[in-house]
Amino acid sequence: MDNLRTLFAEKLLKIEAIKVQPNNLFTWASGWKSPFYCDNRQTLSYPDIRRFVKLEMAHAILKHFHNVDAIAGVATAGIPQGALVAEELGLPFCYVRSKPKDHGLENLIEGKLKEGSNVVVIEDLISTGGSSLKAVEALRRSGANVVGMVAAFTYGFDVAQQAFDSANVPLVTLTDYEHVVAKALEIGYIKENDIALLDSWRSNPSEFGK
């Protein structure tokens with residue numbers, strides 16, 4: 001598993017999907033400020049990497065989850081990879097909006113999903129876990145049995161792990177913050193003096209930059 005995490009970290013760095021901006025902090029959807037940003041959506045523009053992600057997510061599902069009936073993507077970034085994974089596995093696909101449509105059928109979940117289906121959710125990355133677990137809640141309210149989630153990347157925050165544990169959602173990821181930072185330092189993508197700042201942010205991300 002460590003080999004996979006390192007290999008995917010290297011691929012993300014190669015296409016510059018990882019950004020480190022000590023002097024121009026990113027603002028996440030959660031409101032947190034961060035000098036570090038991972039944009040997995042860029043993998044969709046590179047056919048070889050796109051296929052790599054699709055296959056490794058499919059392998060993770062086959063390895064960790066059994067009797068899976070359907071795949072669900074989390075809007076928006078989890079939709080394309082979720083659809084690719086569902087196609088690879090020959091399974092039905094649906095996706096979960098962040099909020100219901102304000103017109104038409106006002107759907108929150110798009111696509112057909114049989115009640116009682118065993119569903120694996122696909123997400124691009126995990127930060128606090130809030131939006132990902134809202135999708136899980138929506139699927140469960142619809143009658144689905146969410147057996148787990150597969151994501152491309154996780155920051156590995158304690159708050160996210162606690163949230164997934166409380167929601168009883170096993171989480172599998174292709175790589176994580178530690179492996180990306182280690183590879184970034186190894187290849188000179190970041191400098192040694194960036195580490196202290198990143199460590200300071202990671203130790204208290206909700207308060208960083210305030």
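These legends walk through a few close-up views of a predicted model.

Residues are numbered from 1 along each chain as its sequence is written. Local features need pLDDT of at least 70, side-chain atom pairs count only at pLDDT 80 or more, totals for chains, interfaces and linings use all residues, and side-chain values use heavy atoms, with hydrogens and water left out.

View 1. The chain has an average pLDDT of 93, and 97% of the residues score at least 70; pLDDT is the predictor's confidence in each residue, from 0 to 100. Residues 102-106 fall below 50, and beyond near neighbours in sequence this stretch has two contacts in the model (contact means heavy atoms within 4.5 Å).

View 2. You'll find serine 127 in the loop between strand S8 (118-126) and helix H4 (130-141); helices (H or I, at least four residues) and strands (E, at least two) are DSSP runs, numbered from the N terminus. Setting aside neighbours within four places in sequence, serine 127 touches Trp28, Tyr155, Phe157 and Ala160.

**View 3. Arginine 202 on helix H7.** Arginine 202 sits in helix H7 (residues 192-203), and its side chain reaches the backbone oxygen of tyrosine 155 at 2.5 Å. Beyond neighbours within four places in sequence, arginine 202 has contacts including Gly156, Phe157 and Glu178.

View 4. Cysteine 38 has a relative accessible area of 1%, so it counts as buried (under 20% relative accessible area; exposed is over 50%, partly exposed in between, with a 1.4 Å probe and protein chains only). Cysteine 94 is buried too, at 1% relative accessibility.

Technical notes: A polar contact is a pair of N or O atoms within 3.5 Å; within protein, one must be able to donate a hydrogen and the other to accept it, and residues adjacent in sequence count only if both atoms are side-chain atoms.
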